[in-house]
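Biologist: I have a chain open here and would like to go through it. Can you take a few questions?
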Amino acid sequence: MSLRHLRQTSFRLALSGLIMALAACSILPESQTLRIFLLPTATTPQQVSEPVLQHALRINTPQASRILSSSRIAVVPQGNQISGYQGARWSDAAPMLLRDRLIEAFQRDGRMPSVSNEEVNLYADLGLHSDLRAFQTEYIDGEPQIVIRLDARLVNLHDQSTLSSRRFEVRQPSANPSVESVVEAFGQASDTLSREVLEWTLSHARQLPQG
């Protein structure tokens with residue numbers, strides 16, 4: 001067999017392989033579009049007409065398990081199985097979304113206007129530390145329900161003493177199993193939890209001497 005014939009044969013084989021590869025690519029399923037969701041919030045409430053507290057508060061990002069520390073929208077379909085909604089993500093990791101929602105609640109309320117997070121490292125009298133135990137959809141009797149569970153500790157940063165600790169748990173039914181409805185229910189549950197944490201924090205802050 002001549003060298004020219006060998007080259008022609010190799011070229012034909014390579015061309016056939018390329019055509020087959022392109023054909024295989026054309027029948028593969030298209031990659032799923034990833035939808036990114038913000039954590040919804042309700043309309044801004046009226047500020048409460050009470051004396052403004054001078055204490056500065058630092059709200060730290062809650063500690064959480066690996067799956068809750070991600071941007072996946074967690075769901076527990078049954079038993080102890082936890083996974084995430086396919087093709088859907090939060091705009092940020094869940095603990096950061098909740099931290100920012102808490103800060104937003106204090107800023108909107110106005111009774112303790114000096115609120116920051118640990119990243120900016122501003123002066124603070126009080127620190128809110130927490131562990132996020134649940135931030136997920138759970139199916140109860142076949143119906144989707146949002147569960148947020150937060151173990152919180154309010155710390156006096158001047159002497160590092162714990163003023164109070166409390167577990168917060170909010171359950172919010174979702175209108176239907178769709179991701180859009182679940183996301184709306186997450187927003188409602190987060191607003192409810194934020195109000196509860198706000199009132200609890202203020203009740204203990206009022207007992208401290210005003211600077």
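Predicted model: local features only at pLDDT ≥ 70, side-chain atom pairs only at ≥ 80, totals over all residues.

Biologist: Which strand does aspartate 131 lie in?
Modeller: Aspartate 131 is part of strand S7, which covers residues 126–140.

Biologist: And which side chain does aspartate 131 join in a polar contact?
Modeller: That of arginine 153, at 3.0 Å. Setting aside neighbours within four places in sequence, aspartate 131 is in contact with Gln63, Arg149, Leu150, Asp151 and Arg153.

Biologist: Different topic. How many helices and strands are in the protein chain?
Modeller: There are three helices and nine strands. Starting at the N terminus, their order is α-β-β-β-β-β-α-β-β-β-β-α.

Biologist: What about helix H3, what span should it have?
Modeller: Helix H3 has 27 residues, 179–205, and at 1.5 Å a residue these should span 39 Å. The end C-alpha atoms of H3 are 38 Å apart, which agrees.

Biologist: How many residues of H3 are buried?
Modeller: 19 of the 27, so H3 is mostly covered.

Biologist: And what percentage of the protein chain counts as buried?
Modeller: 44% of its 211 residues. The protein chain exposes about 12,200 Å², with carbon and sulfur atoms supplying 53% of that area.

Biologist: Last one: what share of the contacts with a separation of 6 or more comes from residues 24 or more positions apart?
Modeller: In the protein chain, those residues account for 70% of such contacts.

Notes
Residues numbered from 1 in each chain as written. Heavy atoms only, no water. Helix = DSSP H or I, 4+ residues; strand = E, 2+ residues; numbered from the N terminus. Expected span 1.5 Å × (residues − 1). Buried < 20%, exposed > 50% of the residue type's maximum accessible area, 1.4 Å probe, protein only. Polar contact = N/O pair within 3.5 Å; in protein donor to acceptor, adjacent residues only side chain to side chain. Contact = heavy atoms within 4.5 Å. Areas by Shrake-Rupley, 256 points an atom, 1.4 Å probe, with all protein chains shown as cover.
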